[in-house]
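Here is a short briefing on one protein chain. Keep the sequence and the 3D view open while you read.

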Amino acid sequence: MLGTVTIAAVSGVLGGGVVGSLAQVPEAVKSGEWEVGASVGAELRTFVQSPQYGGQFDTVQPSLTIEPDIRWQTDSGNHQVVFTGFARLDGQDEERTHFDVREGYYRFIGDGYEVLLGAAKVFWGVTESRHLVDIINQTDAVEEIDEEDKLGQPMAKLSVFTDLGQLDLFLLPYFRERTFPGRDGRLRFDPAINTDEALYEDCNEEWAPSFAARYSHYIGSWDFSLNAFHGTSREPRILPRVVDNTTSLVPFYDRITQVGTTVQYTNDAWLWKFEGLVREGQGDTFAAAVAGVEYTFFGVNERGADLGVLVEYLYDGRDQESFEAPPTPLEDDVFLGARYTLNDTQDTAVLAGFITDVDDAAISGLLEAERRIGQNWTGELEARFFVNTEENLLAAFKRDSYVTMRL
């Protein structure tokens, strides 16, 4: 559940594309500016233990990715068109081989407002270990276990900008189902989740519209937001179901209403962060929150490196025993982490941390490192580990600690 380091040590974004203007553009389209590019990657993931469930592959999982990026805007900048795709070819898990339109939209920027139509990604959140209120986009769970990778969400969005803050209104006409590893894959439950048999509370299923609104503003050193969502939950319940005389697990998508807030206070080297929500529609109404602090030591060596120390507490009050709410291992947990940024010409950065359960001492840990190589390459190293999870929901992954290398 930890955030992801980028080249610039910003949490939640991986990799960068090589983007350049087209050298030759037909006269018919020279009324605006084009940018066309892509990033390609090779990944090798190695699991340090043999699998615990039948059908899972053993240790090594190679894959290739490509992310095309096409952008156009008029000379005035009022009209923009963006397309960002993502495709992965995985050598072990067929469910991880997939393609998605991460973004594909038209945006008009007016005087004090803007309108967006199409598929887009919207991020809400300020904390590091968990983004509670980030509910617009569905999680692409075959990519990583940290819930940072998101599917593109079809939407109509109106944003209004005033001196009193920003108001965003969303109509989300189509629902994207969460992806899950297949029977061959690692980091899954037993039995594997059968996404072909997904269930919905609303009879219109994925065509039931959702609605959301967010108000954000800042006053001095305070940044804050209020948000509301009504529609199909991006977080499914996982229910047992008999299909063809075989018991399997299927996702069930409830209709929910959720209100939330984010607050961040900046004071020199200190960042105080809070995310909280109240949700109804999945059993008893419950509240959840993440609160913490980040302190940065600037210039910790002669080359000007920075060291940030992070501490957060995670609480979630949902009732999981009744199966009326989605499962989560983050009910009463503490996150400790550190971010080390060299501030060198290669943009080297490292993030390390772990979440531990206050009740049963289960640990989920992460180490991420990234460094640019030359002009067009980036090398990444990521390790995730699970310790003492026998009495925790993470027991399903107790043999799934792994190391990933990307180029």
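The model is predicted. It holds 32 salt bridges, and three cavities of 30 Å³ or more are counted in it. A nonpolar patch on the surface has about 450 Å² of accessible area.

**Salt bridges**

- Glutamate 43 and arginine 96 form a salt bridge, and their closest N and O atoms are 3.1 Å apart.
- This pair links distant parts of the chain, since glutamate 43 is in strand β2 (residues 32-47) and arginine 96 is in the loop between β4 (79-90) and β5 (98-109), 53 residues apart.
- Both glutamate 43 and arginine 96 are buried.
- Aspartate 344 and arginine 371 form another salt bridge through their side chains, with 3.2 Å from N to O.
- Here too the pair links distant parts of the chain: aspartate 344 is in the loop between β18 (332-341) and β19 (349-357), while arginine 371 is in strand β20 (residues 363-373), 27 residues apart.
- Arginine 371 has a relative accessible area of 38%, so it counts as partly exposed.
- A salt bridge also joins the side chains of glutamate 382 and arginine 406, at 3.3 Å from N to O.
- Glutamate 382 is in strand β21 (residues 377-387) and arginine 406 is in strand β22, so the pair links distant parts of the chain, 24 residues apart.
- Is glutamate 382 buried or exposed? Glutamate 382 is buried, because its relative accessible area is 2% and the cut-off for buried is under 20%.
- Arginine 406 also counts as buried, because its relative accessibility is 15%.

**The nonpolar surface patch**

- Which residues form the nonpolar patch on the surface? They are Leu44, Val48, Val60, Leu381, Val403 and Met405.
- Leucine 44 lies in strand β2, the strand that also holds glutamate 43.
- Leucine 44 has a relative accessible area of 31%, so it is partly exposed.
- From C-alpha to C-alpha, leucine 44 is 14 Å from phenylalanine 57 in space, and the two are 13 residues apart in sequence.
- Methionine 405 belongs to strand β22 (residues 402-406), the strand that also holds arginine 406.
- Methionine 405 is partly exposed, because its relative accessible area is 44%.

**The second largest cavity**

- The second largest cavity contains about 300 Å³ of space.
- Its lining has 21 residues, and those nearest the centre of the cavity are His131, Leu132, Asp134, Glu147 and Lys150.
- How many residues of this lining are nonpolar, polar and charged? The lining of the second largest cavity has four nonpolar, six polar and eleven charged residues.
- Glutamate 147, one of the residues nearest the centre, is in the loop between β6 (113-120) and β7 (153-162).
- Glutamate 147 is partly exposed, because its relative accessible area is 30%.

**The second largest pocket**

- The volume of the second largest pocket is about 380 Å³.
- The pocket is lined by 20 residues, and the closest to its centre are Gln320, Pro327, Thr328, Glu331 and Leu393.
- Which strand gives the most to this lining? Strand β12 (residues 237-243) does, with three residues.
- The lining of the second largest pocket is made up of eleven nonpolar, three polar and six charged residues.

- Most residues other than glycine have a negative phi, and most peptide bonds are trans.
- Glutamate 147 has a positive phi, near 65°, and is a residue other than glycine.
- Leucine 187 also has a positive phi, near 55°.
- Leucine 187 lies in the loop between β8 and β9.
- With a relative accessible area of 13%, leucine 187 counts as buried.
- What kind of peptide bond joins aspartate 190 and proline 191? The bond is cis, with omega at about 0°.
- Proline 191 is in the loop between β8 (165-172) and β9 (199-200), the loop that also holds leucine 187.

Technical notes. Residues numbered from 1 in each chain as written. Predicted model: local features only at pLDDT ≥ 70, side-chain atom pairs only at ≥ 80, totals over all residues. Heavy atoms only, no water. 1 Å grid on protein atoms, 1.4 Å probe; cavity = no way out; pocket = protein on both sides within 12 Å on 5 of 7 lines; lining within 4 Å. Points joined across faces, edges and corners; volume = space filled by probe spheres on them. Nonpolar A, V, L, I, M, F, W, Y, C, P; charged D, E, K, R; others polar. Patch = residues over 30% accessible without salt bridge, like charges linked within 9 Å, V, L, I, M, F, W, Y side chains within 5 Å. Areas by Shrake-Rupley, 256 points an atom, 1.4 Å probe, with all protein chains shown as cover. Salt bridge = Lys/Arg side-chain N within 4 Å of Asp/Glu carboxyl O. Helix = DSSP H or I, 4+ residues; strand = E, 2+ residues; numbered from the N terminus. Buried < 20%, exposed > 50% of the residue type's maximum accessible area, 1.4 Å probe, protein only.
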